[in-house]
Amino acid sequence: IETLRGCIYNCAFCATVRMWGHKIRRKSPQRILAEFEVAKRLKADFIFLSDDDTAVDENHLRNFCNLLIRNKVRIAWGTTIGSCSVKEDDTYDLMAKSGCIKVNVCIESANQRILKAYRKPYTIEDNRKTCGNLIKRGIVVHNHGIIGFPGETLRETLNTYLYLIKTSPLWHISVL
C-alpha cells in the first residue's frame with residue numbers, strides 16, 4: 001500500500017524528487033484504514049507500505065496509526081523511514097501498537113563524509129537512535145546501506161558493512 005508520494009529531502013542519488021517534486025501527496029488516514037480493512041477481509045497477514053519515507057509527515061503517520069488502533073484493524077505491517085523523520089518518541093509506540101513489526105531504515109552509510117555527499121539530513125547518531133527506538137519497541141529493523149560512492153575507501157565500505165551488521169539482524173546493501 002502506498003500512503004504518500006513525494007519527499008521533502010534532496011538526496012544526491014534519488015529520483016523521487018525529480019519524479020514528484022518536493023510536494024508530498026497523502027492518502028487520507030481514512031483511505032489507508034479502508035485499504036487495511038480490505039486487506040484484512042482478504043486474509044492478508046502482512047502489509048508493506050511502499051512509501052519512500054512513511055514518517056516524512058509524522059502527523060500523518062500518527063493519524064493513521066491511531067485510526068488502526070481505534071478501529072482494531074490488527075494486521076502486521078512494515079514500512080521504510082529515514083533516520084531523522086520521527087521526532088516524537090511516542091510515535092514509535094503508536095507504530096508498534098498499530099501492528100508495525102518491521103521497519104526498513106535508510107542508513108545508507110556509516111560514514112559522515114559520505115552521508116554529507118549524499119546530502120542526507122541525518123547523522124550516524126540519528127541512525128543509532130532510530131534503530132534503538134524501534135528495537136526497544138520490538139519492531140524488527142531492516143537496515144539499508146549503499147556502497148560505491150566515487151572515492152569511497154575500502155575502510156568506509158567496511159565501516160558501513162560492520163555498522164549494518166551491528167545494528168540490525170536484517171540488512172542489505174545496494175551499489176550506487
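**Close-up views of a predicted model**

**View A. Threonine 80 is buried in this predicted model.** Its relative accessibility is 11%, so threonine 80 falls under the 20% limit for buried residues. Threonine 80 belongs to strand 4 (residues 76-81). Leaving aside residues up to four places away in sequence, threonine 80 touches Phe48, Leu49, Asp51, Asp52, Asp53, Thr54, Asn104 and Cys106.

View B. The axes of helix 2 (residues 29-41) and helix 3 (residues 58-70) come within 9 Å. They cross at roughly 45°, and the crossing is right-handed. Helix 2 contributes Pro29, Gln30, Ile32, Leu33 and Phe36 to the contact. Helix 3 contributes His60, Asn63, Phe64, Leu67 and Leu68. By class, the contact has 7 nonpolar, 3 polar and no charged residues.

**View C. Phenylalanine 13 and tyrosine 118 pair edge-to-face.** The count of aromatic pairs is 4. In this one, the ring centres lie 5.1 Å apart, with the planes at 85°. Phenylalanine 13 sits in the loop between strand 1 (4-5) and helix 1 (16-20). Tyrosine 118 sits in the loop between helix 5 (112-117) and helix 6 (124-136), 105 residues apart from phenylalanine 13. Phenylalanine 13 is partly exposed at 33% relative accessible area; tyrosine 118 is buried at 1%. Phe13, Tyr118 and Phe149 form one aromatic cluster.

**View D. Phenylalanine 64 and tryptophan 77 form a tilted aromatic pair.** The distance is 5.9 Å centre to centre, with 55° between the planes. The pair links helix 3, which holds phenylalanine 64, to strand 4, which holds tryptophan 77. The two residues are 13 residues apart. Phenylalanine 64 is buried, at 1% relative accessible area. Tryptophan 77 is buried as well, at 0%.

How values were computed
Residues are numbered from 1 along each chain as its sequence is written. This is a predicted model: local features need pLDDT of at least 70, side-chain atom pairs count only at pLDDT 80 or more; totals for chains, interfaces and linings use all residues. Side-chain values use heavy atoms; hydrogens and water are left out. Axes are lines fitted to C-alpha atoms, for helices over the stretch in contact, and angles run from 0 to 180 degrees between N-to-C directions. Helices (H or I, at least four residues) and strands (E, at least two) are DSSP runs, numbered from the N terminus. A crossing is left-handed if the near helix is turned anticlockwise from the far one by less than a right angle, and right-handed if clockwise. Contact means heavy atoms within 4.5 Å. Ala, Val, Leu, Ile, Met, Phe, Trp, Tyr, Cys and Pro count as nonpolar, Asp, Glu, Lys and Arg as charged, and the others, Gly among them, as polar. Buried means under 20% relative accessible area, exposed over 50%, partly exposed in between (1.4 Å probe, protein chains only). Rings of Phe, Tyr and Trp (its six-membered ring) pair if their centres lie within 6.5 Å; planes under 30 degrees apart count as stacked, over 60 as edge-to-face and the rest as tilted.
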